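Have the structure open as you read.

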Amino acid sequence: AKTLTILGLESSCDDTAAAVVRQRGTQPAEIMSSIVLGQTELHAAFGGVVPEIAARAHAEKIDICVKQALSQAGLSLSDMDAIAVTAGPGLIGGVLAGVMCAKGLSVGAGLPLIGVNHLAGHALTPRLTERIDYPYLMLLVSGGHCQFLLVRGVDDFTRLGGTIDDAPGEAFDKTARLLGLPQPGGPSVEAEARNGDPARYAFPRPLLDREGCDMSFSGLKTALLRTRDRIVDEKGGLTSVDRADLCAGFQMAVADVLAEKTRRALRLYLADAPAVAVLSVAGGVAANSLIRSKLESVAAEMGALFIAPPLSLCTDNAAMIAYAGMEKYRAGLCDDLTLAARPRWPL
Ligand code: KG4
Ligand code: ZN
């Protein structure tokens, strides 16, 4: 295998990102640079990502981001072998900004163009950081997604189950909003929960009685809203202890559901007897330490290796897009200027 250097672009949600990844032959891939320009402040006043504001910010910042990624890597465009870009799924204005920029770079520098599915980027991340073989089990758990994927190859995914309503990250974000905590909700709820008693308030464990790997998280948010209102009715407000206990109870319920459904997904995956069994996680919610430790226990209990990428590679970034593009390139899966930006693109 020859040495490849790929520039990756990501702009499907609220992070504008560019990265350079290089792989010498069969050696581990190397992240030469990874720039992530967030937009949290731009959306703060609205309590969520505003698509039109996100699209404009991506369009304004994407070329600066590319420039920074190249200079941090100490390379120029002519050192690249290909340009990889997230072509969906995501907020269409942002995806378009990235795809248009990548097309321009591809034409200008005469480089192959590779459209990458954002979810495939997350799902291939463990192969960027560790030597692991297909097939492995991936729990992809973020603000917009929650699914179990059997990853068989760069372009070969089987969905074993997933959420039937909200993604857990969305539930964390809504919980934070209901309790007056800052966005993004995941880290602030986790911080509150650290001092809380998870057993004080009872939260449901939705769909645990139903077979299979499907999950549901919207009921948790409703339960939280009701409990909050009941406390406020009784006492006229929430104390900091109440808030911590609510966060701890909510987080424990999410973690329990993810752990039990992961056990079932692992059972399905292990039935095919892979040589080395691997459970991996990706997506912003995989940054949560309670969830990580529960998943780690489940993997250990079932005899699978648990591989969690570093936090900076769990959340949205362009290194994962460059790496997925590299695997596609090696497999001969390149695109041309007809590459379309797709708001929806199931794996
Ligand atoms: O993967 P990501 O950066 O963006 C996409 O949704 O694609 O994930 C962001 C989500 C947000 O909902 C955020 O609240 C959640 O991940 N998150 C967390 C934590 N850190 C980020 N959720 C729980 N615990 C955390 N520590
Ligand atoms: Zn993502």
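## Two domains

The protein splits into domain 1 (4-130 + 313-330) and domain 2 (136-311), with bounds taken from an automatic or database domain assignment. Their centres, taken over C-alpha atoms, sit 27 Å apart. This is a predicted model: local features need pLDDT of at least 70, side-chain atom pairs count only at pLDDT 80 or more, and totals for chains, interfaces and linings use all residues. Residues are numbered from 1 along each chain as its sequence is written, while chains are lettered from A and ligands numbered from 1 in the order in which they are written.

## Where the domains touch

Domain 1 puts 15 residues into the contact and domain 2 puts in 20; two residues are in contact if their C-beta atoms, placed from the backbone, lie within 7 Å. On the domain 1 side, H4 (118-129), H10 (311-314) and H11 (319-330) each supply at least two residues. Helices here are DSSP runs (H or I, at least four residues), numbered from the N terminus.

Which helix gives the most to that side of domain 1? H4 does, with seven residues.

## H5 against H6

Helix H5 (residues 168-178) packs on helix H6 (residues 185-193) at about 65°, with the axes 8 Å apart. Axes are lines fitted to C-alpha atoms over the stretch in contact, and angles run from 0 to 180 degrees between N-to-C directions. So H5 is roughly perpendicular to H6, a label covering 65 to 115 degrees.

On the H5 side, the contact includes Phe 172 and Asp 173; on the H6 side, Ser 188 and Val 189 are among the residues involved.

Methods:
Angles under 35 degrees count as roughly parallel, over 145 as roughly antiparallel, 65 to 115 as roughly perpendicular and the rest as oblique.
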